[in-house]
Amino acid sequence: MHRIDKGTSGLLVMAKDAAAQAGLQEQFARRSVRRRYLAIVLGTPERETGRIDAPIGRDPKDRLRMGIVRGAGGRQAISNFGVRVKLSGGNASLVEWQLETGRTHQIRVHSREMGHPIIGDDTYGGGESAAAGFLRRNEVMSASAARSIAESCARPMLHARSLGFVHPVSGEDVNFAVDPPLDFVDVFAELSKY
């Protein structure tokens, strides 16, 4: 019914038959499916909560990634965020995202757009060297500690935490949630030490 980016952990919804598929497709089209994600980002956004309404399309400078594209080629993309925990003296933070739309790489692009790429995201500015440099700002941690944390991120630290919708057959409001995997938890724990 939808997809998550390669390397993103968490929940997906799948339909078992055509009727369920049609019902779920309608909810995705109406934007009534509730999706929440957790991300560990570099730095801490200035605002505790916010809404990003910035269209996404193919990055004109790099066709292998997406970017903010105003005008032709950009499709409406809206993400809401809230800072949950500041980590490492503000050099990182746990951010919860709630999507209103579902564009390719939406959270990753919007996170970069606000200046706080997701740790471990080589494509959108949170790769190993950038992360290691950022994490040691203001001498919060040693260069070796920052490098060790950055190296442990073999993927973007992005997790599809919860998913809610109206069951397309029974009409029941259903909600599902799953905790982040061990690699995500370990990075969070390491960053919490500083």
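Author: The questions below set values against definitions. This is a predicted model, where local features need pLDDT of at least 70, side-chain atom pairs count only at pLDDT 80 or more, and totals for chains, interfaces and linings use all residues. Residues are numbered from 1 along each chain as its sequence is written, and side-chain values use heavy atoms, leaving out hydrogens and water.

Reader: Why is V185 called partly exposed?

Author: Buried means under 20% relative accessible area, exposed over 50%, and partly exposed in between (1.4 Å probe, protein chains only). V185 has 36% relative accessibility, so it counts as partly exposed. V185 lies in helix 5, residues 182-192; helices are DSSP runs of H or I with at least four residues, and strands are runs of E with at least two, numbered from the N terminus.

Reader: What makes helix 2 mostly covered?

Author: In helix 2 (residues 106-113), 6 of the 8 residues are buried. They are Q106, I107, R108, V109, H110 and S111.

Reader: Which residues touch the most other members of the largest nonpolar core?

Author: A nonpolar core is a set of buried Ala, Val, Leu, Ile, Met, Phe, Trp, Tyr and Cys residues joined through side-chain atoms within 4.5 Å. The largest has 36 residues, and Y37, I40, W97, I119, L135 and L191 touch the most other members. Strand 2 gives the most to this core, with 6 residues.

Reader: What is I40 in contact with, leaving aside neighbours within four places in sequence?

Author: Contact means heavy atoms within 4.5 Å. The partners of I40 include L87, M157, F184 and L191.
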